[in-house]
Amino acid sequence: MRLPKTTVFLFVLMMAAGPAATAQLRNHSPYDHDGIQRERTGFLLHEGGKAEFTWTSYWTQMTAQSFPDRAAIFIWHFGDGTKAYSRQGEFIGDLGRLTGYLVSQQAPELEDRDGRKIQPLSKANFPTRVELWIGEAGEATGYVPETQGDHACFGAASIEVGRFYPFSECP
């Protein structure tokens with residue numbers, strides 16, 4: 001059996017490109033836009049003031065290829081005006097190869113713009129909005145949001161201890 005020249009050429013090209021290129025082809029993003037998975041992004045206040053923040057985003061293959069060295073940043077807006085930050089993974093370019101373009105993380109605290117740990121959640125002060133951004137995040141730069149991707153809201157008047165509160169569409 002003889003293979004067509006284009007098939008042989010593509011095979012040779014893929015072999016020369018190495019494992020990174022073949023991994024990207026095998027792991028195609030199922031998403032048609034970047035966004036926050038609202039039902040899996042939220043917060044929980046525990047007894048004694050301890051908190052749990054959970055965030056999940058999904059990404060297109062185009063975004064992962066266009067912003068390979070940028071970070072996915074969540075900005076949490078609290079009722080008292082406080083802004084807190086969380087970073088998702090290392091770089092957006094790694095999302096497809098490593099996670100299938102769906103990334104979830106959680107932490108007991110968030111960070112301020114300079115990367116210092118903070119925990120602003122209380123029964124009287126909870127997040128009312130969360131935004132997904134593309135930008136820089138690191139020890140040297142802190143959080144530098146550049147391009148907004150998505151946002152979600154939380155509109156309840158109060159929260160209870162021990163209950164997970166997910167975000168939803170903004171009105």
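Visitor: How many helices and strands are there in the protein chain?

Guide: The protein chain has four helices and 11 strands. Helices (H or I, at least four residues) and strands (E, at least two) are DSSP runs, numbered from the N terminus. This is a predicted model, in which local features need pLDDT of at least 70 and side-chain atom pairs count only at pLDDT 80 or more, while totals for chains, interfaces and linings use all residues. Residues are numbered from 1 along each chain as its sequence is written, and side-chain values use heavy atoms, with hydrogens and water left out.

Visitor: And what share of the residues is buried?

Guide: Of the 171 residues in the protein chain, 42% are buried. Buried means under 20% relative accessible area, exposed over 50%, and partly exposed in between (1.4 Å probe, protein chains only).

Visitor: Which residues have the most contacts inside the largest nonpolar core?

Guide: They are Phe 43, Phe 53, Trp 59, Trp 76, Leu 121 and Ile 159, in a core of 29 residues. A nonpolar core is a set of buried Ala, Val, Leu, Ile, Met, Phe, Trp, Tyr and Cys residues joined through side-chain atoms within 4.5 Å.

Visitor: Which strand gives the most to this core?

Guide: Strand β4 does, with four residues. Apart from this core lies another of seven residues, including Trp 133 and Tyr 143.

Visitor: Why are such side chains found together?

Guide: In soluble globular proteins, nonpolar side chains tend to be buried together.

Visitor: Let us stay with β4. How does it pair with β5?

Guide: Strand β4 (residues 71–78) pairs with β5 in the antiparallel sense, over six bridges. Two strands pair if DSSP finds at least two bridges between them. The two strands form a hairpin with four residues between them, and Gly 81 in the turn has a positive phi of about 95°. His 77 is opposite Lys 83 in β5.

Visitor: Why is β5 described as largely enclosed?

Guide: Five of the six residues of β5 (residues 83–88) are buried, so the rest of the structure largely encloses this strand.

Visitor: What about Phe 78: is it buried or exposed?

Guide: Phe 78, found in strand β4, is buried, with a relative accessible area of 4%. Not counting residues up to four places away in sequence, Phe 78 touches several others, among them Phe 53, Leu 110, Leu 121 and Pro 127. Contact means heavy atoms within 4.5 Å.

Visitor: New topic. Where is Arg 38?

Guide: Arg 38 lies in the loop between β1 (35–36) and β2 (42–45). This residue is buried, with a relative accessible area of 13%.

Visitor: Which side chains does Arg 38 join by a polar contact?

Guide: The side chain of Arg 38 has a polar contact of 3.1 Å with that of Asp 150 and one of 3.4 Å with that of Glu 169. A polar contact is a pair of N or O atoms within 3.5 Å; within protein, one must be able to donate a hydrogen and the other to accept it, and residues adjacent in sequence count only if both atoms are side-chain atoms.

Visitor: Lastly, which cysteines form a disulfide?

Guide: Cys 153 and Cys 170 do, with their sulfur atoms 2.0 Å apart. The pair links distant parts of the chain: Cys 153 is in strand β10 (residues 142–153), and Cys 170 is in the segment after β11 (164–166). A disulfide is a pair of cysteine sulfur atoms within 2.5 Å. Both Cys 153 and Cys 170 are buried.
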